[in-house]
Amino acid sequence: MPEPFTIAVHGHEFIFYPQGSDRLQALLDHIASARESIHCFYFLYDEDETGAEVRDALIEAVKRGVETRLYIDAFGSGAQEPFFDELVAAGGHFKIFSPSWNKQFLIRNHQKMCIVDRKSVMSGGFNISDDYFAPPEENGWCDLGVKFEGPLVDRFNEWFDCIVEWIEGDGSEYRRVRDMARDWEAGDGPVQLIMGGPTAVSSKWAVRFKEDMVHGDRLDLVTAYFSPPRTMRRVLRKAARTSRLRMILASKSDYAVTVLAGRLHYRRLKRAGAKLFEFQPSKLHMKLLVIDDIVYFGSGNLDMRSIRLNLELMVRVESAEMADRMRALIDDLEAESRAIDKSWFRQYAGWSDRLRWFVSSFMLRFVDYNVSRRFNLGPSKLKNARKPGRRES
């Protein structure tokens with residue numbers, strides 16, 4: 001993976017960190033630079049060497065007089081409250097989102113961000129765990145971190161303030177969090193922060209992404225998990241027929257079912273003209289979407305959860321320079337990937353393989369999704385959503 005690189009566009013300076021060791025050092029330096037405040041949220045936080053290193057850096061910040069807040073998601077995280085006792089004792093604010101089994105446990109707060117002094121943000125797809133910073137030979141994740149300054153930081157501050165008010169109040173108020181995601185305005189400038197949240201249809205970020213795809217001539221997509229709803233699959237196939245579509249997908253993951261479920265859709269995409277590749281060296285966790293001169297990065301995958309259930313954040317940047325540089329990064333990933341071609345299908349697409357694909361897709365798309373969706377919509381909305389002729393999009 002390449003060294004960190006910087007792109008300055010639209011009054012922002014974006015620094016991209018493709019290598020795990022660079023990401024971790026950048027995050028620690030980011031925290032060490034704080035003089036007034038640190039505001040963090042992570043979907044996954046583990047009690048391991050990296051988790052302790054980041055926690056201790058936050059404790060040092062508190063001791064310097066920095067107002068420090070850390071929130072983590074209960075579903076994704078292995079770390080428990082006692083792991084953060086010293087942070088709280090020093091004066092830091094800490095809370096686990098969704099600490100008990102109830103309706104809110106089914107919604108995953110999948111965002112990842114660290115805001116320093118309300119002036120600088122480090123975000124992307126990575127969580128706080130050894131795996132997210134380890135090299136491929138140690139089974140690390142291939143991911144992307146981005147640090148930036150500029151007007152976009154103000155939007156992150158606004159969103160984090162909403163999250164704080166919600167979590168520190170009553171985080172089980174689901175109507176409120178649905179309204180937060182629904183009412184969020186990304187704006188119409190060249191740099192936008194687009195949200196996703198629990199809805200009956202596609203989240204705002206996915207809707208905007210589909211709109212861009214419909215009008216795009218060249219699409220280069222990297223996604224860790226691939227099990228999108230029918231409407232997204234339809235748009236992807238249409239894009240493959242009318243545009244150049246390249247997708248880098250996972251061949252390894254923490255859950256094999258996610259890889260198998262994605263493979264169910266390869267054949268139809270290939271027939272439509274898509275160029276598909278599976279990344280070989282390590283687990284893939286990157287979320288990077290490039291459409292013509294538009295770049296998306298953040299926490300969202302092209303799967304059912306990210307599109308319709310999870311709280312997600314995606315940054316959308318209109319920049320030919322950034323798009324060209326991101327395509328070069330995707331070229332690097334392609335060079336380490338295996339093409340999905342006739343030989344691949346002969347090796348991996350036997351009848352027993354296809355059966356496993358179908359079962360895996362069913363597990364991800366119908367069992368987990370429909371149980372969660374029932375809780376999100378409530379009985380009256382669910383009944384309405386099932387009326388004949390009503391179609392989700």
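Begin by selecting Ser 227, which is found in strand β12, a strand spanning residues 226-227. The model on display is a predicted one. In it, Ser 227 is buried, because its relative accessible area is 5%, under the 20% limit for that class.

Next, display the surroundings of Ser 227. Once neighbours within four places in sequence are set aside, Ser 227 is in contact with Ala 261, His 265, Leu 302, Asp 303, Met 304, Leu 364 and Arg 365.

Ala 261 is one of the buried residues of helix α8. Select the whole of α8, residues 256-263: this helix is mostly covered, with six of its eight residues buried. Those to highlight are Thr 258, Val 259, Leu 260, Ala 261, Gly 262 and Arg 263.

Now turn to the surface. Select Lys 238, Arg 241, Arg 267, Arg 268, Arg 271 and Arg 354, which together form a patch of positive charge there. Two elements each supply two or more residues to this patch: α7, covering 230-242, and α9, covering 266-272. Which of the elements gives the most to the positive patch? Colouring by element will show that it is α9, with three residues.

Finish at Lys 238, a member of the positive patch that lies in helix α7. Is Lys 238 buried or partly exposed? Lys 238 is partly exposed, because its relative accessible area is 48%, and that class lies between the 20% limit for buried and the 50% limit for exposed. The tour thus runs from Ser 227, which is buried, to Lys 238, which is partly exposed.

Terms used. Residues are numbered from 1 along each chain as its sequence is written. This is a predicted model: local features need pLDDT of at least 70, side-chain atom pairs count only at pLDDT 80 or more; totals for chains, interfaces and linings use all residues. Side-chain values use heavy atoms; hydrogens and water are left out. Patches are made of residues with over 30% relative accessible area and no salt bridge: like charges are joined within 9 Å, nonpolar side chains (Val, Leu, Ile, Met, Phe, Trp, Tyr) within 5 Å. Accessible areas come from the Shrake-Rupley method with a 1.4 Å probe; for residues, only the protein chains shown count as cover. A salt bridge is a side-chain nitrogen of Lys or Arg within 4 Å of a carboxyl oxygen of Asp or Glu. Lys and Arg count as positive and Asp and Glu as negative; His and the chain ends are not counted. The place of a charge is taken as NZ of Lys, CZ of Arg, CG of Asp or CD of Glu. Helices (H or I, at least four residues) and strands (E, at least two) are DSSP runs, numbered from the N terminus. Buried means under 20% relative accessible area, exposed over 50%, partly exposed in between (1.4 Å probe, protein chains only). Contact means heavy atoms within 4.5 Å.
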